[in-house]
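I opened the notebook to record what I looked up in this structure, entry by entry. I begin with a strand and how the rest of the chain surrounds it.

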Amino acid sequence: MGSIEQQWRRGFSRRQALCGLASFLAASPLLHAQRDPYPLGPHRRVLGFDEMRTAFDFEPVFHDNVPLAIYDYTAHGTDSEFTLYRNRDAFDWVELVGGGGVTPAEVDTSTELFGVRMDSPIMLAPTARQRDLHPDGELGMHRAATSAAMTMIVSNVSSFPFPQIAEAADGPLWFQRYATRDLEGNRQVLDMAQDAGCQTVVVTIDQQASYYERDLHDRNLGGAPRRARRRTPQNPPNPYRVGAGRLWYEWTLFDDLRPMIEVPMLAKGILTGEGARKCLEHGVDGIIVSNHGGRSLDYGPSTLEVLEEVVEAVSGRVPVLIDSGFRRGADVLKALALGAVAVCLGRASRWGLGAFGEPGARKVIEIINTELVHAMAAVGRTTIAAIDRSIVRTSFP
Ligand SMILES: Cc1cc2nc3c(=O)[nH]c(=O)nc-3n(C[C@H](O)[C@H](O)[C@H](O)COP(=O)(O)O)c2cc1C
């Protein structure tokens with residue numbers, strides 16, 4: 001063996017090569033795409049608006065439209081992202097059975113929640129800072145929800161003020177609040193939202209306490225450390241895990257907020273029967289089973305797995321809604337069969353907005369609603385009220 005080959009052997013072992021390849025793969029944002037049905041990577045060209053067929057089609061377009069840090073902020077799940085992926089895996093453990101004899105034309109997806117008729121049990125989950133995705137931001141999202149006849153929940157940390165979003169379209173709006181310790185501060189914000197016509201207040205209580213690790217990783221790729229830019233006195237810089245902003249919540253929070261809220265008050269972020277019972281003891285009018293799309297505590301279960309436990313604990317006293325991982329109409333149908341009255345879309349709606357603005361947001365929710373219609377027809381159900389446990393078979397591990 002010549003000296004060059006000798007140098008090559010010494011300079012770059014097989015082990016080092018494999019390590020290098022592994023770190024290259026681990027660094028690839030493409031591998032971190034939402035897992036179903038295939039990773040972002042393999043697309044050869046970006047699909048056009050008219051080619052969109054499923055919610056997943058929108059994600060690569062969104063990915064290609066925005067800086068990596070913006071994409072990663074949406075895609076991110078906590079820590080190892082176990083729960084992020086489990087939210088999707090859980091749909092594989094619920095089979096849809098039975099049916100026949102119904103055409104899509106006969107299906108009616110309308111339903112009622114808090115005495116208000118809704119054309120569909122699908123709603124838009126509150127997600128922050130939508131102008132980062134597209135200049136239309138929440139204004140476009142509200143117009144899209146209105147034209148698709150769906151209810152939007154506006155995040156506490158929206159890019160536009162709630163009254164401006166309310167004016168952008170006529171459709172129903174709910175308002176989501178991350179409560180602060182300063183009770184008066186809560187009152188002012190809740191008054192503002194109720195004065196602007198919010199029909200329901202959602203209080204999010206799951207406790208995000210980690211880094212956004214994709215952001216940390218993006219430092220190496222030249223991405224902006226977004227979290228660092230958004231520090232406030234309530235949420236000071238912290239070299240380790242725990243942000244100060246949301247780790248103080250106790251069940252009595254609902255007792256404090258209740259007198260400030262004249263519309264129904266929902267708790268978002270409930271994952272156990274015990275938690276649901278506590279909510280009812282403290283005056284909550286509805287529950288959203290949510291793990292924040294895998295962004296709260298990692299290694300928790302998917303929301304689909306715990307849905308029935310919560311529904312049983314509540315036993316019809318208040319409505320139970322669900323989110324986290326919903327991308328298809330069949331996903332929605334499974335949750336309805338397990339006892340949810342409505343399903344909220346988080347990332348799917350952001351993919352639509354980030355890909356094509358308001359028309360994209362409208363299209364993605366219309367696609368999922370059409371899929372729901374087809375899935376209901378396939379299992380032989382013409383109305384939401386007719387959907388029951390008998391159309392699913394579960395095999396959760
Ligand atoms: C980028 C992003 C921002 C979010 N911002 C909020 C928020 O401001 N308030 C809130 O209660 N939940 C927020 N969530 C959680 C969603 O309301 C919802 O629980 C979650 O997105 C559902 O999971 P999915 O994205 O898999 O559908 C956010 C989620 C994402 C992905």
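Entry 1. I looked up burial for strand E8, residues 265-270, in this predicted model. Six of the six residues of E8 are buried, so I note the strand as largely enclosed by the rest of the structure. For the cut-off behind that step, I counted a residue as buried if 20 or more other C-beta atoms lie within 10 Å of its own.

Entry 2. I then asked which strands E8 is joined to by bridges, and found E7, residues 201-204, through four bridges, and E9, residues 286-289, through another set of four. E7 and E8 run parallel, and E8 and E9 are likewise parallel. Taking individual positions, I found Thr-204 opposite Lys-268 of E8, while Ala-267 has Ile-287 in E9 as its bridge partner. As a reminder to myself, strands of a sheet pair through backbone hydrogen bonds, either parallel or antiparallel.

Entry 3. Where do E4 and E11 pair, and over how many bridges? I found that E4, residues 122-124, and E11, residues 342-345, pair in the parallel sense over three bridges, and that Met-123 has Cys-344 in E11 as its bridge partner.

Entry 4. I turned to the ligand and listed the 24 residues around it, of which Ser-155, Thr-204, Gly-293, Gly-346 and Arg-347 come nearest. Thr-204 was already in my notes as the residue opposite Lys-268. By class, I recorded seven nonpolar, 13 polar and four charged residues in the shell around the ligand.

Entry 5. Last, I looked up totals for the protein chain, which has 15 helices and twelve strands. Of its 397 residues, 45% count as buried. Among contacts between residues at least 6 apart in sequence, 70% join residues at least 24 apart.

Conventions:
Residues numbered from 1 in each chain as written. Predicted model: local features only at pLDDT ≥ 70, side-chain atom pairs only at ≥ 80, totals over all residues. Near = placed C-beta within 6 Å. Nonpolar A, V, L, I, M, F, W, Y, C, P; charged D, E, K, R; others polar. Buried ≥ 20, exposed ≤ 12 C-beta atoms within 10 Å, placed from the backbone. Helix = DSSP H or I, 4+ residues; strand = E, 2+ residues; numbered from the N terminus. Pairing = 2+ DSSP bridges. Contact = placed C-beta atoms within 7 Å.
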